[in-house]
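Student: Could we go through this model together? I would like to start with one residue and then move on to the whole chain.

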There are 2 protein chains.
Amino acid sequence: MSHTPHIEKHFTSGEIVRDTVIGMADGLTVPFALAAGLSGAVLSTQIIVTAGVAEIVAGSIAMGLGGYLAGKSDVEHFDSEYKRELYEIEKMPEHEKDEVLEILEDYGLTKAESQPIVDSLAKRPKDFADFMMRFELGLEKPNPKRALQSGATIGGAYVFGGLIPLLPYIIFSEVRQALLWSAAITVVALFVFGYVKGQFTGAKPLKSALQTCLIGSVAAGAAFLIARLISEN
Amino acid sequence: MSHTPHIEKHFTSGEIVRDTVIGMADGLTVPFALAAGLSGAVLSTQIIVTAGVAEIVAGSIAMGLGGYLAGKSDVEHFDSEYKRELYEIEKMPEHEKDEVLEILEDYGLTKAESQPIVDSLAKRPKDFADFMMRFELGLEKPNPKRALQSGATIGGAYVFGGLIPLLPYIIFSEVRQALLWSAAITVVALFVFGYVKGQFTGAKPLKSALQTCLIGSVAAGAAFLIARLISEN
């Protein structure tokens, strides 16, 4: 494998960061927006805390279990496509060889230039299948242990993110006061989260920070207005 | 490009289905679980409807806007990596050529077999960069128009999915009755959704159906128990 700087960055930022980002982005945003929305409609912080905790439990399980099962199905999908490639390579080698030639033609390579590679791969079915997985299907072999870790990371990040906007509603008994504190600490948390996320994903950190703040604010503002509209009817 | 059946399936099932699945999976599960959770804690369906609608608004905006921005940042990420490849190909062509040889070695190809391809690519920087994007980085060129479509699809699917479990709370005024109807229609909806999803993603439909039912039930059951625990204190 190659060792250019951007590849290494790609690896270190990796899958755990991606899963944390997935869980935290929704965890910070949705419970915050739900609590803000209910603040426009009910007068008891206890109902807001109950709804918020129920949302965090539901959201973290749905996302975490969803991530776990998606990870497992990635492994199954890869394995079944891999078997299919091996089968096709065994049963219709000429057809598969033509496929490689066609794919390489898209990069301006002539049949004469590609033929040595194709002939060489055809002698080693496993290498041939690996090559097709990468090149024809764009699939990378998933780590089977990742599924559980992925689900737990997404779920945990959702819980952690979701408790931040909910804290003020647990501490204060007056809804308006709790809402203001919740908005203040959540905007700060969204900004920090977006900034750090930008550094890991290679986006401009400040732009990323402003984007996550925007998502949280728009979602919370809309939820607030609609909840107030419903409760007034 | 090649025309094997599984490639075509890959294309038709495509990105719109994937976005619908992302939005609908959470949209069916989280509002259902939140409403069920609140059913264990409050006696007014109006509060549950308010909380549910606030959650749907917040969740659909967070996920939809998140999907839109993710789509846009995919395009930016691809473009910046592409420029980097073109730059590296221009400034250090020998290094890039060695990279290709190293990558192809992983598939058991000798330098002699790979050299014609490398020499040919080196004459056409754009084809060389395309080749590296695919092979070294595993990146496919994203469609710039996809971002908006993706965000709207995810958000719309979340709203559609979320309204299903909430309908009984709008129709019935008694919480327990609404909860039972909500559970019944949501389990059916999760089953149908999981079944159809399985057919599109290539998983076994029945297994997929049972999995989505499991996620929804576990999330709702946990939210119900925890909300009841909180409201009893």
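**Contacts of a serine in chain A**

Tutor: A:Ser60 touches A:Glu55, A:Leu65, A:Gly155, A:Tyr158 and A:Val159, leaving aside residues up to four places away in sequence. Contact means heavy atoms within 4.5 Å.

Student: How should I read the numbering and the values here?

Tutor: This is a predicted model, in which local features need pLDDT of at least 70 and side-chain atom pairs count only at pLDDT 80 or more, while totals for chains, interfaces and linings use all residues. Residues are numbered from 1 along each chain as its sequence is written, chains are lettered from A and ligands numbered from 1 in the order in which they are written, and side-chain values use heavy atoms, with hydrogens and water left out.

Student: Which helix does A:Ser60 lie in?

Tutor: A:Ser60 lies in helix H2 of chain A, residues 45-91. Helices (H or I, at least four residues) and strands (E, at least two) are DSSP runs, numbered from the N terminus.

Student: Is A:Ser60 buried or exposed?

Tutor: A:Ser60 is buried, with a relative accessible area of 10%. Buried means under 20% relative accessible area, exposed over 50%, and partly exposed in between, with a 1.4 Å probe and protein chains only.

Student: What lies 3.1 Å from a polar atom of its side chain?

Tutor: For A:Ser60, that is the backbone oxygen of A:Val57.

Student: Switching to chain B, where is B:Ser208?

Tutor: B:Ser208 lies in helix H8 of chain B, residues 205-232. B:Ser208 counts as buried, at 6% relative accessibility. B:Ser208 touches B:Gly194, B:Tyr195, B:Lys197 and B:Gly198, again not counting residues up to four places away in sequence.

Student: And how far is B:Ser208 from B:Gly67?

Tutor: They are 141 residues apart in sequence and 24 Å apart in space, C-alpha to C-alpha.

Student: Back to chain A: how many helices and strands are there?

Tutor: Chain A has 8 helices and 0 strands. Its radius of gyration is 25 Å, well over the 17 Å that the globule rule gives for 233 residues, so chain A is more spread out than a compact globule. The radius is taken over C-alpha atoms, and the rule is 2.2 Å times the number of residues to the power 0.38.

Student: What box do the C-alpha atoms fill?

Tutor: In chain A they fill a box of roughly 75 × 35 × 35 Å, taken along the principal axes. Of the 233 residues of chain A, 49% count as buried.

Methods: A polar contact is a pair of N or O atoms within 3.5 Å; within protein, one must be able to donate a hydrogen and the other to accept it, and residues adjacent in sequence count only if both atoms are side-chain atoms.
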